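Thanks for coming, everyone. Let me put the model on the screen, and then we'll walk through a few packing details.

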Amino acid sequence: MAQITRGEVRTRKGTAPPKPTKTGAIVGRKPGESDYIKFCVFGPPKTGKRTFACSGKNVLLIQFDPGGDATETLRGRDDITVVEPKNRAEIDDLIKQLRTGGTDQFDWVIVSSLTFLFFMLGGKSISKAYKDGSDIRRAYGAPGAEVQQIIHDLVTLDTNVGFIAHLERVSAEDDKGVSLDAALGQTEVKIAVSPMVWKILGPAVGFIARSFKEDVWEAEEGKKTRNKRTRYAVSLNDGDKSPAGSRLPMAAEYEITTTLLSDIQAEIGKQ
């Protein structure tokens, strides 16, 4: 895979970690003082997942969704660099570059998406297993283990990291049953990742956001008429109805803007 390049490479500001005063001294940090945010966002199609995930500054977008970076809110942004690994070898090469100085170029590394990454790695073997009537669990297990390792390698990078995932549709009736409102839905909402992937994803991130959209009516000042607009937002408090939640001091809901992650960083005091 070709080396990651930008028109202008910028090194993140900050001081070097403190050095031990004597050989063998253990140097650490206080709880809650981690420099970086790790997160996941999931939701139905066209509810603002990618806009939210790329709402920080200076983003490396690792793209597995075909045409996913064509989102209108991303077009024309010169602080987003898109790379498209085609196989595991290219993914490993990219991670190696990030580990050897590549993170100095980017403030955010975003994976779009875990769902497409899983099927890129294991789609053929899963389809073959169904066709041949062979062990489906083994067919799912191999790409699950690969995605587990990739998630681990990325969340341990010295930069902010985010993962996009899709909403799992258990049946054809889900579109009717799943609420897209911030209020608790009538059916359980799930992320479209395998249980094996979830075992590492859940503990690895500081928060999981569920994207949704809703129509709202707003009154114009001095007028009796109201205008309808579509509001895009993320929920971080769905109770037991979805995995959405946060270990960080965050609000229960945010309206999505093109600078939201930068605003959240400032809100929770992370630089």
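At what angle do helix 2 and helix 4 pack, and how far apart are their axes? First, the ground rules. This is a predicted model, where local features need pLDDT of at least 70, side-chain atom pairs count only at pLDDT 80 or more, and totals for chains, interfaces and linings use all residues. Residues are numbered from 1 along each chain as its sequence is written, and side-chain values use heavy atoms, with hydrogens and water left out.

Now the answer. Helix 2, residues 88-99, packs against helix 4 at about 15 degrees, with the axes 11 Å apart. Axes here are lines fitted to C-alpha atoms, for helices over the stretch in contact, and angles run from 0 to 180 degrees between N-to-C directions. Helix 2 is therefore roughly parallel to helix 4. On this scale, under 35 degrees is roughly parallel, over 145 roughly antiparallel, 65 to 115 roughly perpendicular, and the rest oblique. Helices (H or I, at least four residues) and strands (E, at least two) are DSSP runs, numbered from the N terminus.

Helix 2 passes helix 4 in a left-handed crossing. Left-handed means that the near helix is turned anticlockwise from the far one by less than a right angle; clockwise is right-handed. Who touches whom? On the helix 2 side we have R88, I91, I95, L98 and R99, and on the helix 4 side E146, Q149, I150, D153 and L154. Contact means heavy atoms within 4.5 Å. By class, that contact has five nonpolar, one polar and four charged residues. Nonpolar covers Ala, Val, Leu, Ile, Met, Phe, Trp, Tyr, Cys and Pro; charged covers Asp, Glu, Lys and Arg; the others, Gly among them, are polar.

Next partner. Helix 4 (residues 136-155) packs with helix 6 (residues 195-204) at about 15 degrees, axes 8 Å apart. These two are therefore roughly parallel as well. Helix 4 passes helix 6 in a left-handed crossing. The contact residues from helix 4 include G141, G144 and A145, and those from helix 6 include M196, V197 and K199. That contact divides into nine nonpolar, four polar and one charged.

The structure holds two cavities of 30 Å³ or more. On a 1 Å grid over the protein atoms alone, a cavity is a set of points where a 1.4 Å probe fits but cannot get out; a pocket is an open set with protein on both sides within 12 Å along at least five of seven lines; lining residues have an atom within 4 Å of a point. Grid points are joined across faces, edges and corners, and a volume is the space filled by probe spheres set on the points.

The largest cavity is about 50 Å³. Its lining includes I91, I95, I150 and L154. Helix 2 gives the largest share of that lining, three residues. The lining is ten nonpolar, no polar and no charged.

Beyond its neighbours within four places in sequence, L121 contacts R88, I91, P143, E146, V147 and I150. L121 and E146 are 25 residues apart in sequence, yet 7.8 Å apart in space, C-alpha to C-alpha.

Last stop, the second largest pocket, at about 580 Å³. Of its 21 lining residues, K46, T47, G48, R50 and T71 are closest to the centre. Helix 1 (49-53) and strand 5 (160-166) each give two or more residues. By class, the lining has six nonpolar, ten polar and five charged residues.
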